[in-house]
Amino acid sequence: MKTTGLFTALFLATIIPFSAQAQKGERSFGPRVGYVTKNDGILAGLTFQYSFSNHFRLAPEIDVVFRNNDLDALTIYVNTHYPISFASDKAAFYPVAGINFSSWSRHNVNNPASDDVTSHTNCFGVDAGAGIEYKCSNSLKINFEAVYTLIKHFPNAKVSVGINYVF
């Protein structure tokens, strides 16, 4: 049964026309919302994408992870996408890889040496994941992304959905 699924996937991969969806020089900007596993919290952020070629784009992002379970964060990502389009260039799958900086805050910390009840931890980490996007028109696209962040003391996964204006 497993080999049948493998042969079916290989067959579909050969008949579906793949090409590059992103065009060199294409830029997009927009908001996104999502979920972060570290604190079971909601994130809101902004993303900018610039396509250096048809198969490579840089995607800096900034997110605010809202407080839940006494944790919140500010995260900054510099990710790369490698888009592979399908469905007549209306949709694309893209692997994600990159680096990030995260500033996590833990609230209600009992520290008798200080009146401050918040402790901050700043960390650098790496990201890996995947996304899928759909071009609604020449100037609008929506995307869904799942990324795992490997970072000391605060590893987490996030899923997000966004809408981008293409210009």
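**Figure 1. Overall fold of the predicted model.** Two strands pair if DSSP finds at least two bridges between them. Helices (H or I, at least four residues) and strands (E, at least two) are DSSP runs, numbered from the N terminus. This is a predicted model, in which local features need pLDDT of at least 70 and side-chain atom pairs count only at pLDDT 80 or more, while totals for chains, interfaces and linings use all residues. Residues are numbered from 1 along each chain as its sequence is written, and side-chain values use heavy atoms, with hydrogens and water left out. The protein has one helix and nine strands, and along the sequence the order is α-β-β-β-β-β-β-β-β-β. Among contacts (heavy atoms within 4.5 Å) with a separation of 6 or more, 53% join residues 24 or more positions apart.

Figure 2. Strand β9 spans residues 156-166, and its side chains alternate between two faces. N156, K158, S160, G162, N164 and V166 point to one face and are buried.

**Figure 3. The neighbours of strand β9.** Strand β1 (residues 27-36) runs antiparallel to β9 and is joined to β9 by seven bridges. Within this pairing, F29 has Y165 of β9 as its bridge partner. Strand β8 (residues 140-151) also pairs with β9 in the antiparallel sense, over 10 bridges. Here L140 stands opposite Y165 in β9. Strands β8 and β9 form a hairpin, with four residues between the two strands. In the turn of this hairpin, H153 has a positive phi of about 70°.

**Figure 4. The largest cavity.** On a 1 Å grid over the protein atoms alone, a cavity is a set of points where a 1.4 Å probe fits but cannot get out, and lining residues have an atom within 4 Å of a point. The model holds two cavities of 30 Å³ or more. The largest cavity contains about 50 Å³ of space. Its lining consists of P31, R32, T47, Q49, E61, Y94, N143, E145, S160, G162 and N164. Strands β1, β2 (41-53), β8 and β9 each supply at least two residues of this lining, and β9 gives the most, with three residues. By class, the lining of the largest cavity has two nonpolar residues (Ala, Val, Leu, Ile, Met, Phe, Trp, Tyr, Cys and Pro), three charged (Asp, Glu, Lys and Arg) and six polar (the others, Gly among them).

**Figure 5. The second largest cavity.** About 30 Å³ of space lies in the second largest cavity. Residues V36, V65, T75, Y77, S102, W104 and N156 line this cavity. Strands β4 (71-81) and β6 (91-107) are the elements that give two or more residues to its lining. Four residues of the lining are nonpolar and three are polar, while none is charged.

Figure 6. F56 is found in strand β3, which covers residues 56-68. Why does F56 count as partly exposed? The reason is that its relative accessibility is 28%. F56 touches Y50, S51, T80, H81, Y82 and P83, when residues up to four places away in sequence are not counted. Although F56 and H81 are 25 residues apart in sequence, their C-alpha atoms lie 5.9 Å apart in space.

Definitions and conventions. Buried < 20%, exposed > 50% of the residue type's maximum accessible area, 1.4 Å probe, protein only. 1 Å grid on protein atoms, 1.4 Å probe; cavity = no way out; pocket = protein on both sides within 12 Å on 5 of 7 lines; lining within 4 Å. Points joined across faces, edges and corners; volume = space filled by probe spheres on them.
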